[in-house]
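Dear colleague,

I am handing over the structure below, and after it you will find an account of what was found. Please read it with the structure open beside you.

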Amino acid sequence: MPCVGDWLNSPLSIVQGIFAQNAPNSDWEKKVTEYFKEKLKENNATNWVPSLNDVPVHYLKPNSLVKFRCMVQDMFDPEFYMGVYETIDPNTNARPQQEIDLNSSQTVTSERQTFYCVPVPGESAWVKEAYISASQARVSPSTSYTPSRHKRSYEEDEDMDLHPSKQKEQHMGSGGDIHGCVEPKRLETEASAGHHVISPNCSPPLDLNFPLPGEKGPACLVKVYESWESFKVNDVLEVFGVLSVDPVLSIVNSEERDSSSLDPMECMDTAEEQRVHSPPASLVPRIHVILAQKLQHINPLLPACLNEEESKTFVSNFMSELSPVRAELLGFLTHALLGDSLAAEYLILHLISTVYGRRDVLPLGKFTVNLSGCPRSSTFTEHLYRLIQQLVPASYHLRMSIESMNHSRFIPHKDYTANRLVSGLLQLASNTSLVIDETQLEQGQLDTAGVHNVTALGNLITWQKVDYDFNYHRMEFPCNINVLITSEGRSLLPSDCQVHLQPQIIPPNMEEYMSSLLTAVLPSVLNKFRIYLSLLRLLDYSISDEVTKAVEEDFVEMRKNNPESVTADDLHKMLLVARFLSLSAGQTTLSRERWLRAKQLEALRKARLQQQQCVNGNEL
């Protein structure tokens, strides 16, 4: 076995060693996974692994172990590769390297799945900075690539799979002998009819297919070798694997395009698909996964998995000081909402809400808030969003205008020519905060695309799903997006709860006022707010039979007094408010006290809406 210190810089030598110690038909791959899993558990070892989120690709050593925090944007067709192969020595001076014996009975063909992954859309700057500061990886600019690399054999460089370094090993023996060493090599075999890439001189720039505009960071082709069925589009993953950035990945495709003799029309189709599925590795690196896991959340201030024993200690310690954190957060948001403490209460409930289950098609736990009465003339929503951005791990500010509705791509759609899913604004990771600003909306005509986009927003809010467009049919993708709508009057979009803003102060300079709020908060307190909002989303919640009965009796009593004013929908809303009110106080069951407080908040909210309706003389 190689030195154990090699697992970070030369993981392939570890893989080769484990394979050499185990028969090819044994579970050597499982032992590889277990080896790296144990290594990553030691002394915060995950922090020593360089991350593609933080480090430019050219600073990373090819074939080293890297990690990537990402969202699955698309999944390609499965690929076949040589899981185990045998080499022979051709005994020729022209090619001193070993050759793969393609006719060997020892060859094992296996299957893997490629996911096209992008950084988490809308990930907040504070999240990125916290991950970077926690990293202990040591990297320096890579000088591995020289023009001579282009002359190396296709067999050697076609794909930096899980085991490429073995091809450089020198096997001693007489010419023509088949060596007894059977080597594992995940060699990608091209299954398509032809491999064509549009010439770099005339091809349009590569679209990295990020869902949101202005996003930065690498996109990666993540090649998964086991249990890929558990991953799906829009999942957020952390993957650990071997980095491949070999230029030959695109050169080979270009050479094969030149020598192809396919029908020209077919070439046009496959060229676009090849361009998308085999982009330059310098722009879209490959990661050959050793370990991959779904992330419960992307908040770096929280333990990655809350079920572990160490994490439970963290949670219990934080819960013990929850009350002052909530009080400070309420004060902070009250100032942000211009002195309106009722709106601040509802904003806290909104920010900790999450879809915890589905009953048939109905999502349970969604709590879309429409904050009406927002000042139109100022940049209030813009600054409110910036504050929310400082609190949540991922968010996006959608400015509603006739132009943005008519010209933006909200719904992902399938491009059959390139055989890929083209992303849209609504392809977001779970628990992303979406702030929709209606205050800038003016009169105008929505075209067909605009109507589809508004419908998509309505479906997202009501059903927590987005219908992706596959040309001949629509496919439902469930989601879990927290939507906050700011508007002057009642929103054009549906919502679960309308809260009319009643500003107690009108600052002469909104930007200065909002900026001073952030600077006044200590970084340690801000971090507590961030932990508070993320942690409470992950807690379980239940209602005892006793409290359920008391709530039912209370509801019957309310209906007796005024049957028309209290509906089943009102009961559902009060139960939702009570749920998040309890969780906001660190209580995972509903108490009589929280139920009464929820009723009180709802009564205040409704009274305010009625008062505003009387003032304006129209419905809000």
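A pocket, as the word is used here, is an open set of points on a 1 Å grid over the protein atoms alone, with protein on both sides within 12 Å along at least five of seven lines, whereas a cavity is a set of points where a 1.4 Å probe fits but cannot get out; lining residues have an atom within 4 Å of a point. Grid points are joined across faces, edges and corners, and a volume is the space filled by probe spheres set on the points.

Before the details, please note that this is a predicted model, in which local features need pLDDT of at least 70 and side-chain atom pairs count only at pLDDT 80 or more, while totals for chains, interfaces and linings use all residues. Residues are numbered from 1 along each chain as its sequence is written, and side-chain values use heavy atoms, with hydrogens and water left out.

The chain as a whole

The secondary structure of the chain comes to 18 helices and 20 strands, where helices (H or I, at least four residues) and strands (E, at least two) are DSSP runs numbered from the N terminus. Of the 620 residues, 51% count as buried, a word that stands for under 20% relative accessible area, with exposed meaning over 50% and partly exposed in between (1.4 Å probe, protein chains only). Among contacts (heavy atoms within 4.5 Å) between residues at least 6 apart in sequence, 79% join residues at least 24 apart.

The pocket and the cavities

The largest pocket holds about 1,400 Å³ of space. It is lined by 43 residues, of which T46, E238, Q293, A304 and C305 are the closest to its centre. Several elements each supply at least two residues of this lining, namely α3 (28–41), β1 (65–75), α4 (125–134), β8 (236–244), β9 (286–294) and α8 (309–320), and the largest share, six residues, comes from β9.

There are also three cavities of 30 Å³ or more, and the second largest cavity has about 50 Å³ of space. Its lining is made by L337, A343, Y346, L347, V369, L371, L384, L484 and V499. Helix α10 (341–351) gives the largest share of that lining, three residues, and α10 and β12 each supply at least two.

Strands β12 and β20

Strand β12 (residues 369–372) pairs with β20 in the parallel sense over four bridges, two strands being taken as paired if DSSP finds at least two bridges between them. In this pairing N370 stands opposite Q498 of β20. Within β20 (residues 497–500), C497 and V499 point one way and Q498 and H500 the other way, and all are buried. In a regular strand the side chains alternate between the two faces of the sheet.

Helix α14

Which residues of α14 (residues 510–520) are buried? They are M510, Y513, M514 and L517. These residues cover an arc of only 90 degrees around the axis, which puts them on the same side of α14; the arc is that of the directions from the helix axis to the C-beta atoms. The cover over the buried residues of α14 includes α9 (322–336) and α11 (380–389), while the face turned away from the buried side carries the exposed residues E512 and T519. At the start of α14, a side-chain oxygen of N509 comes to within 3.2 Å of the backbone nitrogen of E511.

Single residues to look at

N209 lies in the loop between β6 (187–189) and β7 (220–224) and is buried, with a relative accessible area of 2%. Its side chain makes a polar contact with the side chain of Q73 (3.0 Å), a polar contact being a pair of N or O atoms within 3.5 Å, of which, within protein, one must be able to donate a hydrogen and the other to accept it, and for which residues adjacent in sequence count only if both atoms are side-chain atoms. The side chain of N209 also reaches the backbone nitrogen of S423 at 3.0 Å.

L338, in the loop between α9 and α10, has a positive phi of about 60 degrees although it is not a glycine, and L338 is buried, with a relative accessible area of 0%. D360, in the loop between β10 (357–359) and β11 (362–364), likewise has a positive phi of about 60 degrees without being a glycine, but D360 is exposed, with a relative accessible area of 76%.

With kind regards
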